[in-house]
Amino acid sequence: CDSTNANVQGWSESEANLYQGLKFHVEQAKGRVVVACFGSNIARLHTLARIADETGRHLGLLGRSLINTVSAAKNVGLWNSVKTSVDSAHLGFLPAHTVLLVATGSQGEPRTALNRLSLNSFRDMQLSPGDTVIFSSKVIPGNELAIATLIERLKVMQVDVIDIDNSALPIHASGHPASEELKTMYQWVQPQCAIPVHGELMHMKANAKIAKASGVRQQLLGQNGDLFYIAPVNGIRRGAVKTGRWGLFDRKSLKKL
């Protein structure tokens with residue numbers, strides 16, 4: 001069970017609650033608006049497509065993962081917000097105030113669309129003073145420096161930056177369950193054993209504590225490389241598997257970094 005928000009009290013925000021905040025900031029913007037979010041979040045993309053339509057802006061998708069996600073959603077019938085989005089090659093010819101872009105790169109990743117925009121190295125268009133970038137995302141631990149550096153570059157370009165810390169209205173909803181959701185899940189499922197995963201040790205400990213308080217008799221806490229036994233008895237073999245970062249050398253051999 002996912003542990004990332006196990007130490008966050010209450011319930012996570014609903015996606016439906018983001019519409020008002022995102023629309024407010026788009027309506028207030030004078031120039032282009034770029035919204036950075038996780039490319040796999042179809043619900044967020046639906047909300048932004050709706051806002052683009054209601055505010056008279058053209059929707060554009062920047063980043064291969066976003067384009068692939070929307071394409072997959074169309075193929076399985078999960079995309080009916082807008083029939084088409086503007087090809088990025090045409091974005092530079094549109095008036096700035098008519099453009100709403102969704103871009104990859106909310107975590108400051110070096111090769112993503114938003115990062116390239118902040119470096120003026122995006123092929124099809126450039127940001128201008130007075131444009132707005134909205135981070136519809138939360139900082140993943142470990143990415144603080146990369147995101148701070150990205151935001152500083154945007155501010156030097158005189159781009160307005162909005163994130164969850166300076167927005168009075170919700171603009172991001174976590175996909176990870178908070179403490180009350182974990183408690184409810186354990187009460188529904190009533191498992192004999194809980195194995196917290198996904199998060200730092202403090203998150204997994206918090207998850208295990210919730211499981212115990214919810215009546216789950218056993219909790220197994222492990223680390224990368226541990227081998228979990230769930231039948232015929234529960235247990236952990238510590239350090240059973242070699243883990244770490246590996247690199248490909250000479251296109252044929254793997255070496256541990």
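Predicted model: local features only at pLDDT ≥ 70, side-chain atom pairs only at ≥ 80, totals over all residues.

Q: How are two packed helices described, and what are the values for α6 and α7?

A: Two packed helices are described by the angle between their axes and the distance between those axes. Here the axes of α6 (residues 179-189) and α7 (residues 201-213) come within 9 Å and cross at roughly 45°. The two helices are therefore oblique to each other, and their crossing is right-handed.

Q: Which residues of α6 and α7 meet?

A: From α6, Ser179, Leu182, Lys183 and Tyr186 meet Asn207, Ile210 and Ala211 of α7. By class, the residues of this contact are four nonpolar, two polar and one charged.

Q: How does helix geometry bear on which residues point the same way?

A: An α-helix has 3.6 residues a turn, so residues three or four places apart point the same way.

Q: Which residues of α1 are buried, and what covers them?

A: In α1 (residues 19-28), the buried residues are Tyr19, Gly21, Leu22, Lys23, His25 and Val26. Their cover includes the strands β1 (33-36), β3 (99-103), β4 (132-135) and β5 (160-162), along with helix α2 (42-54).

Q: Is Val35 buried or exposed?

A: Val35, in strand β1, has 0% relative accessibility and therefore counts as buried, the cut-off being under 20%.

Q: What is Val35 in contact with, leaving aside its neighbours within four places in sequence?

A: Val35 contacts Leu48, Leu100, Leu101, Val102, Ala103, Ile134 and Ser136.

Technical notes. Residues numbered from 1 in each chain as written. Heavy atoms only, no water. Axes fitted to C-alpha atoms, helices over the stretch in contact; angles between N-to-C directions. Helix = DSSP H or I, 4+ residues; strand = E, 2+ residues; numbered from the N terminus. Parallel < 35°, antiparallel > 145°, perpendicular 65-115°, else oblique. Left-handed = near helix turned anticlockwise from the far one by under 90°. Contact = heavy atoms within 4.5 Å. Nonpolar A, V, L, I, M, F, W, Y, C, P; charged D, E, K, R; others polar. Buried < 20%, exposed > 50% of the residue type's maximum accessible area, 1.4 Å probe, protein only.
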